[in-house]
Amino acid sequence: MQDDLLNMDCRELRDGIAAGRIKSITVAEAVFERIEQYEPIVGAYITTFKEHALAKAEEIDAQITAGKQVGQLAGVPIAVKDVLCTTFGATTCASKILENFHAPYNATVIEKLLSADAVIVGKTNMDEFAMGSSTENSGLKQTVNPWDTSRVPGGSSGGSTAAVAGRLCFAALGSDTGGSIRQPASFCGVVGLKPTYGRVSRFGLVAYGSSLDQIGPITRTVADSALMMNVIAGHDPADSTSVDEKQAPVCDYLEKLDEPVKQLKIAVVPQFNAGAESQVQTAIADAIDVYKNLGAEIIEIEMPHLDYAIAAYYIVATAEASSNLARYDGVHYGHRSENAEDYIEVYSKSRAEGFGKEVKRRIMLGTYALSSGYYDAYYLKALKVRSLIRSDFTKAFENCDCIMMPVSPTTAFKIGEKTDDPLKMYLSDVYTIAANLAGVPAVSIPCGFDENNLPIGLQILAPAFGEDRLLRIARMYEARTDWHKKKPAIV
Amino acid sequence: MSNFPYKVVVGLEIHVQLCTKTKMFCGCAVEFGQPPNSRVCPVCLGMPGVLPVMNKQAFEHSVLVALALNCKIAEFTKWDRKSYYYPDLPKNYQISQYDLPLGANGFIEIPLDGGRTKRIGITRVHLEEDAGKNLHTAGNFSQVDLNRAGTPLLEIVTEPDMSSAAEVRALAVELQRMVRFLGVSVADMQKGHMRFEPNINLVITKDGSEYKTPIAEIKNLNSFRALERSVAVEEQRQLDEFLETGRVMGMGNKTTRGWDDAEQTTVLLREKEEAHDYRYFPEPDLVPVEMNERWLNDIKAGLCELPIKKQMRYVNEYNLSDYDAGVLTAERSTAEFFVQVVDAGGEPKRVCNLLTQAGLKLANEKVCSVAELGITAGNLAELAKMIEAGTVSASAGNTIMQEMVKSGAAPETIAEELNLMQKSDTGELETIVDEIIAANPKAVDDVKSGGKKCKKAHGFLLGQVMQKTKGQANPQIVSQILAEKLN
Amino acid sequence: MAKKIDQTQVRKVALLSRLELTEAEVAEFTGQLSAILEYVEKMNELDTDDVQPLAHCLPISNCFRADCVKESLGTEKTLGNAPQRDGEFFKVPKIIDSV
Ligand SMILES: [Mg+2]
Ligand SMILES: [Zn+2]
C-alpha cells in the first residue's frame, strides 16, 4: 500500500489529495519513513524539513476538509536542490563556505512552489556550486545512484535525481548550466527538463554561469514535468533576464500533452552521436525507431560547431563563475578563516578553506580567461564560438521540430572513476552543453538500460520557448514505452 | 634655479551621485545619515542568488546630463562587471559600463575671467553603482556600512583640456551648477555627492625639446578649494621632481596620490600590483538598453537653459555685470525667480541687488533657496520700485525684505509700520535744510565758493540733514533743495 | 611542448582570485589548467573574424523598474550571517588604505 502510494505520479497524487481520497499527511509520513530507511544509503539530502513538512501537510488536509481551494501541487512532497535560497534551513550549495548560511529570502521558484501548496521535503545534495557531473564535488556529503550504489548519480543535480528515482520525494527542482539536470536524470532513469533560458526566474538561484543557468523540474513522468512547469514558469520582475510573457507567453503545459505532434520531423546529427558508447547509441537509435513507427520523419543534419561546445562552455561558464563566486569572501556572510592576520587574508584564507578543488579550479580558469592579455584569446573567442553554435541551432530548427541525441556518452560511472582527471570529466558533458550555450530547451527521458541495468536517457532539444511541443514529443515516446515505470532494485 | 617654460595638462574623472529615491539596482532608499546597514536588502548586500534590476529614473537622469554635456547618446548600451576585492564592495565586482558608455564625445563650456569661456571635451559619461563605506576609526579593526552600496553614480571623464588650477575649479563649479539646474543631483561635495579626481602632468620645454612628466591622479578631495589647491601644489611638485630627477612619462609609471588637507600636500598612495586588472566582462544578469527617438525626446524635454548660457543672457538682456549674473545663476530657482520679479516690474539691477544681498543672506539663515523665502515676485518687484523711486532707501529695503520674509506683508505696509518711508515733503525738508545751513556757515561758504571743497561740503550738509531726519529724508530731494538754496 | 600556463602565472591568477594555494596545489593546478587550456584552444580551428560575440541568448532589452522604495531588510537580518560584527557594522581586520 505504502509503496503504491510512493510510486504514484504527482498529478495522480494531487488529484487524490484534492478530492480527499488521499491524506496529504499520510503521503508526507510515508515519504519521511522512506527517507529514514533509505537516505542513509542514498545520501540525497543535505537538509530535510520533517516537522515543517508534516505541519504543512496537515494544514493542506485541513483546508481541503474545510472545502477551500488548494494549489496545483497540493500536498505533493517535493525536494529542491540546495542551490535555491530558502528562508527555512540553510542554503549551502554543498559548500563549506556557505555551510551555515541562512538566506533572508526565498527564491522566486520556492515562493511559487509554496503558493502551489507543495510540501517541501528537503534540500538536495549537489556538486559544490553546481560545478560537476557526478555530485562527487559536494563539499558536504556523498550521494550514490539508486540503481547501483557503487556508482555516481550524475551531477550536478545528483541529489535531486537520486531522491526522485529512490522515491524519497515525488518530484524535485534542479538547475542546469551545462547538463546538470539532464545528465543526472539520465543516470537515474528519470525525466529532467532544462527550460529555455529566460523561461523560469533565476532570482534566488545561486549563480554559477549566469548566462547559462536555468532551473528545471526532475520528475518520474513527462506529465509531472509539465505540471511542475505550470507552477514555476513565467516572467519575474526581479529577474531582468526572465522573458516577458508578451514576448513568449507561458501556456498550460499539461493541457495538450497527450496530443501527438502531427507530421513530426526529427533531426539527428550522426557524426556527433558516434562518440557515445555503443549501447547508448543503440538505445537512441531504437528510440528514434519508435518515433518513426509513429509516423515521424527522420532527417540527418550537420551541426558543424557542436564539437567546439565544450571548449566554449568551459571558458564562458568559468569566466562568469569566477565573478559570481567572488562574493564568497568571509566578510559579510559565510565562512571566515580563523587564521587571517589581515583583511586580505580574510579573503584568501577563507576562500582557500571554504572552496573545494573543482570550484577553485574553475575560478582560476575563469579568472585567467578574463585577465588582461588573455581576454581576446579565450573569453572573446568563446563568445564568438557560442554565436556559431547558436546559429547551428537556428539553421537546424528551420528544418525540423526537434533534434534527438544522447544525453551522455556513457551510463552512470563508478564513484571515483573520473575524479583524478578534470578534463575527462568535462568531456562527458559533450551532448548537454550546446543547449545551454544556445539557450534552447532540452529534456532527458528514460529510453532503455545497458547491460549493467543502468538507465540510458534520450535527449530531445527544441526551439526556444517551445517547451509545450517539446513535452508533447517526449510524451509520445513515453506513452509507447515502459522505461519510465522501471524502478531501481532498492525501491 | 631654472626657468623652463611649461604647460600644465589636467583631465578630470568625476563621480556624481544621482538624487533618485532608490538605489541603482534595488528598491532600497537612498538616504543619508541613517543607522549603519539599515538601508540594505539582499540585492545590494550581494547575497547569493540575487539579481539586479535597473532603475529607470537613474538611467534617464544620466542621459539628461549626457545631453547637457553635448554628448552623443548611445543607441545601444550595456553593463559590465568590474572586478576588485574590497570590503565595501559586497559582490567584489562593481556593475559599471565599460566599452559602450551611455554618452560620449561631448563638451562643456566653462567660464573664465572677464566673461570669456573655454570648451572642455567630455570623453565619456557612464552609469555605475557606488560602493559602501569602510570606517577605520573604531580601533584595531575596520567597520563596514553598506547603506551607500548600490547608489546610482554617474561617472564623467573629461579630456585633458584644462591648463590651470583655476580652470579645474571653474569646471567643477560649472558642473555642480549644471547638475543642480537639471535637478539630478544634490551635488554637495562635502557629503561626497560629487567627487573629483584630477589627472595631472606637465609638458616642459627644455633645450628645445618637450618633456612630459609622469601622470599623477589625485584622490581624497572634498572641497572646491582642496581641488584647486591640489592641482597647484601638484604642478609645483612635478616641476621640482622633474628638475631633480628628469623622470618622464612612461609605460606604467602613472601614480595615485592622496590629498593631505592638513599639510596641503599630495602623498603617494601604495598600489597593489594586480589592482588594475579589473577583468571587465559583460554583466550577464542585465539586458542591454536600447534608446529610441521617442524616449530620447521625452528625456530631452527635461533639459533647460544651462547656467552658463543663462548667465551670458542675463548680462546682455538685463545689463548686469558678469559677476552679478553669475551669482544669480548659481541656482536655477534663484535665476528663475529673478526673471519673475523683473517681469513683475522690478528694475533688473535693483532686483539683482535685493536677491544677491539681503536675499542670499536670509536664504542662508533659513537654509533654503531665495525663491523659497516666501516672498512673492509681485511684492519684491514692488519693493524694488519703491527703492528706485526713492520712497525707501536701499538700506531700508533690506530691512523691509527681512520683514517680508517674517510676515509676508506687502512692502508699503511694512515701510509705513516701521516708519521707513523717506521724507519727500519739500516744505518740511526745507525747514530742516534752513536749520542746517544756519548752523554750518563754514560749509556753506565752501559750497558757495565753488572751489575744490564744494562737493565735499555739499555732502557734509546732506549728511547733516539725513542725520537730523534719522535717515528718512529722500537724499535726492535734499540734495536738490540744498543746491537751490546755495546757488 | 611548452605548458599553456606556468607556475608563475598560476600564482598570479590565484592572487587575482584571492585563493591561497599550497605549493602542491600550484603544481597540481598548473598541470590541470594547462591540459584544459590546451583542449580549449581547439576553438582556434574556427575562423571567427566576422563573427559577433554572443554574451546572451535573450532577445530582450530595456528591462527597468520604477524608482519606488521597497522596505529594507533590517539591520538584524542584514548582520545575521555576518562572521563578525561590531554593533551595527560588519567587522573586518583593519584595512590598510591602498588603491
Ligand atoms: Mg568609476
Ligand atoms: Zn538594496
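Colleague: Why is B:Lys310 called buried?

Modeller: In this predicted model, B:Lys310 has a relative accessible area of 7%. Buried means under 20%, so B:Lys310 is buried.

Colleague: And what makes B:Glu305 partly exposed?

Modeller: Its relative accessible area is 27%. The class in between runs from the 20% limit for buried to the 50% limit for exposed, so B:Glu305 is partly exposed.

Colleague: How do you know that B:Glu305 and B:Lys310 meet in a salt bridge?

Modeller: The N to O distance between their side chains is 3.2 Å. A salt bridge needs a side-chain nitrogen of Lys or Arg within 4 Å of a carboxyl oxygen of Asp or Glu, so the pair B:Glu305 and B:Lys310 counts as one.

Colleague: Good. Why is C:Glu23 called exposed?

Modeller: Exposed means over 50%, and C:Glu23 has 53% relative accessibility, so C:Glu23 counts as exposed. Its salt-bridge partner is C:Arg11, with the closest N and O atoms 2.7 Å apart. C:Glu23 lies in helix α2 of chain C and C:Arg11 in helix α1, twelve residues apart. C:Arg11 is partly exposed, at 37%.

Colleague: What makes A:Asp289 and A:Lys292 a salt bridge?

Modeller: Their side chains come to 3.8 Å, N to O, and the cut-off is 4 Å, so the pair passes. Both residues lie in helix α10 of chain A, three residues apart, about one turn of the helix. A:Asp289 is partly exposed at 35%, and A:Lys292 is partly exposed at 46%.

Colleague: Which salt bridge do you have between chain A and chain C, and how do you know that it counts?

Modeller: One of them is A:Lys357 with C:Glu28, whose closest N and O atoms are 3.4 Å apart.

Colleague: What else describes the contact of chain A and chain C?

Modeller: Chain A gives 64 residues and chain C gives 54. About 5,500 Å² is buried between the two chains, with 69% from carbon and sulfur atoms. A:Tyr308, A:Tyr343 and A:Met364 supply 13% of the area that chain A buries against chain C, more than any other three residues. There are also 20 residue pairs in polar contact. On the chain A side, α14(A) gives the largest share, eleven residues.

Colleague: And which residues touch the most other members of the largest nonpolar core?

Modeller: In that core of 218 residues, they are A:Phe129, A:Tyr291, A:Phe393, A:Ile403 and A:Ile460.

Methods. Residues numbered from 1 in each chain as written. Chains lettered and ligands numbered in written order. Predicted model: local features only at pLDDT ≥ 70, side-chain atom pairs only at ≥ 80, totals over all residues. Heavy atoms only, no water. Contact = heavy atoms within 4.5 Å. Buried area = accessible area lost by both parts, 1.4 Å probe. Polar contact = N/O pair within 3.5 Å; in protein donor to acceptor, adjacent residues only side chain to side chain. Helix = DSSP H or I, 4+ residues; strand = E, 2+ residues; numbered from the N terminus. Core = buried A, V, L, I, M, F, W, Y, C linked by side-chain atoms within 4.5 Å. Buried < 20%, exposed > 50% of the residue type's maximum accessible area, 1.4 Å probe, protein only.
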